[in-house]
Amino acid sequence: PINNEFHLALVVNGKIVEVYQNGELKQSMKLFGNPTLNQGDLHINPESKPNLGGKVSQFQFFPQADRL
């Protein structure tokens, strides 16, 4: 959504990736390989072209989901 705050969540469950926007499942895709964690830096909207002009706040990463 342009010019609106929103919550975005990516959930990786085995070889399935789910994309949620504001708590609603928007898309689900099957990965071609096994997901792995990168040991390098994470860059979110780096100062390069195109500059999206927005900001990221309250970024969190969880290596696994909590079980209820």
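This dialogue walks through a few features of a predicted model.

Reader: What should I know before I start?

Author: Local features need pLDDT of at least 70, side-chain atom pairs count only at pLDDT 80 or more, and totals for chains, interfaces and linings use all residues. Residues are numbered from 1 along each chain as its sequence is written, and side-chain values use heavy atoms, leaving out hydrogens and water.

Reader: Is strand β1 buried or in the open?

Author: Strands (E, at least two residues) are DSSP runs, numbered from the N terminus. Buried means under 20% relative accessible area, exposed over 50%, and partly exposed in between (1.4 Å probe, protein chains only). Strand β1 covers residues 8–13, and of its 6 residues the number buried is 0, so β1 lies largely in the open.

Reader: Which strand does β1 join, and by how many bridges?

Author: Two strands pair if DSSP finds at least two bridges between them. Here 6 bridges join β1 to β2 (residues 16–21), and the two run antiparallel. L8 stands opposite Q21 in β2. The hairpin has 2 residues between the strands, and G14 takes a positive phi near 65°.

Reader: What does L31 touch?

Author: Contact means heavy atoms within 4.5 Å. Not counting residues up to four places away in sequence, L31 touches V12, G14, K15 and V17. L31 sits in the segment after β3. I16 is 15 residues from L31 in sequence, yet 5.9 Å away in space, C-alpha to C-alpha.

Reader: How exposed are L31 and F59?

Author: L31 is partly exposed, at 27% relative accessible area. F59 is also partly exposed, at 48%. F59 too lies in the segment after β3 (24–30).

How values were computed. Helices (H or I, at least four residues) and strands (E, at least two) are DSSP runs, numbered from the N terminus.
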